[in-house]
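Look over the sequence and the model below. The report then takes up the fold, the confidence and some local features.

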Amino acid sequence: MLKEQVFYIALVTFTLFSPIHLNAAGINITFVSKAYGHSFTPNDYASFMATMDQFLTESKLVQANMANNDLTLAQGHADKAASIYVWNLMGEIAEKDQKTAEEISKTIKTLQNISSPAASPAAAGEQQQQQQQQQQQQVNQLVANVDTKVNEIMAMTIREQEADPGFSDPFAWLMSSIFGEKKDNGNTTNQPLRVAELVDSVLRSYGNAYSVGFDMTDISNMAMPSDKSSMSMSNIMTDDDNITVGMGPMNTSSPTMMNGENKTSNDYSLTNVAEYQSAQGLAAKALEIFNNELKPMTSDNDSAVSVSNLENGLIQLNDSIRGKASPMDVMMVAHTQVHPNLLEAFDIPLKPGA
């Protein structure tokens with residue numbers, strides 16, 4: 001019965017949320033439908049939480065663009081939020097709480113309708129201003145409702161994981177049960193992986209924003225803009241990376257693309273403002289999670305240096321995006337300052353290419 005209800009919700013909501021405005025708004029999105037269960041593996045848990053973060057980020061970008069009276073961008077972000085919700089979140093949320101899933105579906109649909117250019121006030125002068133203010137107030141309330149519901153689901157998910165101490169590593173859990181070794185609930189792995197997922201999303205959005213034409217999450221596509229960068233890359237690469245780094249002289253004004261392209265860092269220009277905004281919002285979210293979740297759990301002095309480097313890397317990632325740095329520079333920060341320090345500070349394996 002539940003599966004039939006979930007299918008019905010998915011069918012109806014997909015019809016309502018058909019993203020007809022995505023191309024017009026310049027939104028690039030890859031639909032990846034993921035099946036989650038209540039007992040996540042660490043990677044699935046991190047992916048689910050990071051996807052919730054993306055959903056909230058897009059919703060709040062609707063609010064920000066409405067405040068600036070940019071309905072085209074607002075509509076694009078509303079459609080992207082709806083697409084993320086339908087394809088990656090709604091089914092899992094419905095399993096946890098069907099009523100909440102339905103409420104979020106209705107709220108997002110309303111948000112799409114309000115942000116549509118067709119909903120723009122037709123009046124002029126003072127009357128138009130009053131209508132815009134009312135419209136903004138309604139959007140603010142809708143986004144606040146989404147934020148509350150999503151945070152409730154996140155809290156529920158965290159409680160489920162904490163109630164299942166064996167989900168992270170069943171063998172380690174069995175050994176700890178036999179020998180009385182105290183193990184944490186996997187949070188020291190989950191939250192860092194959540195940040196890693198978000199940083200990958202930052203890179204994808206930034207790549208779309210600058211139309212780079214390659215996968216910025218793949219370290220093999222890194223450019224070598226300087227001898228200093230070459231040294232940074234050599235420090236994090238091993239034979240297992242299966243990457244060959246050229247040893248010839250580097251030209252700082254014309255770096256060589258490892259994917260065979262001949263573009264320089266200065267050849268890229270911002271072509272998609274919506275995706276740029278997404279990258280900026282996701283980078284800010286990654287830093288927020290570091291401050292609220294990761295930093296408080298690091299009491300080991302041995303990891304203090306890595307944690308500090310990670311914090312600096314996330315701050316630099318945000319600064320680089322705000323400053324509209326070249327895609328190569330943003331990649332360099334992510335792959336040489338954020339990911340390696342996540343690995344070292346929290347002793348976790350990153351997925352290949354991260």
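## Fold and basis

What pattern does the protein follow, read along the sequence? The pattern is α-α-α-α-α-α-α-α-α-α-α-α. The protein has 12 helices and zero strands. Helices (H or I, at least four residues) and strands (E, at least two) are DSSP runs, numbered from the N terminus.

This is a predicted model, in which local features need pLDDT of at least 70, side-chain atom pairs count only at pLDDT 80 or more, and totals for chains, interfaces and linings use all residues. Residues are numbered from 1 along each chain as its sequence is written, and side-chain values use heavy atoms, with hydrogens and water left out.

## Burial and contacts

The protein has 354 residues, and 46% of them count as buried. Buried means under 20% relative accessible area, exposed means over 50%, and partly exposed lies in between (1.4 Å probe, protein chains only).

Contact means heavy atoms within 4.5 Å. Among contacts with a separation of 6 or more, 79% join residues 24 or more positions apart.

## Confidence

pLDDT is the predictor's confidence in each residue, from 0 to 100. The protein averages 76, and 64% of the residues score at least 70. Over residues 224-260 the pLDDT is below 50, and this stretch has 49 contacts in the model beyond near neighbours in sequence. Residues 1-22 stay under 50, with 35 contacts beyond four places in sequence.

Which elements have the lowest and the highest mean pLDDT? Helix α9 is lowest at 39, and helix α10 (residues 273-294) is highest at 97.

Thr57 is found in helix α3 (residues 42-67). Thr57 is buried, at 9% relative accessible area. A polar atom of its side chain lies 2.8 Å from the backbone oxygen of Asp53. Neighbours within four places aside, Thr57 contacts Ser278, Gly281, Leu282 and Lys285.

Asn69 lies in the loop between α3 and α4. Its phi is positive, near 60°. Asn69 is partly exposed, with a relative accessible area of 45%. Helix α4 (residues 71-96) has a kink of about 65° centred on Leu89. The bend at a residue is the angle between axes fitted to the seven residues ending there and the seven starting there. In α4, 22 of the 26 residues are buried, so the helix is largely enclosed by the rest of the structure.

## The loop between α8 and α9

Ser211 is found in this loop. Ser211 is not a glycine, yet its phi is positive, about 50°. Most residues other than glycine have a negative phi. Ser211 is partly exposed, at 42% relative accessibility.

Met222 lies in the loop between α8 (187-209) and α9 (227-236). Is Met222 buried or exposed? Met222 counts as buried because its relative accessibility is 0%. Met222 and His335 are 113 residues apart in sequence, but 8.7 Å apart C-alpha to C-alpha.

## Helix α12

Helix α12 (residues 327-346) has 20 residues. From first C-alpha to last, α12 reaches 27 Å, close to the expected 28 Å. That expected span is 1.5 Å times one less than the number of residues. α12 bends by about 30° at Ala334.

In α12, 16 of the 20 residues are buried. Just after α12, Asp347 takes a positive phi of about 55°.

Methods:
Polar contact = N/O pair within 3.5 Å; in protein donor to acceptor, adjacent residues only side chain to side chain.
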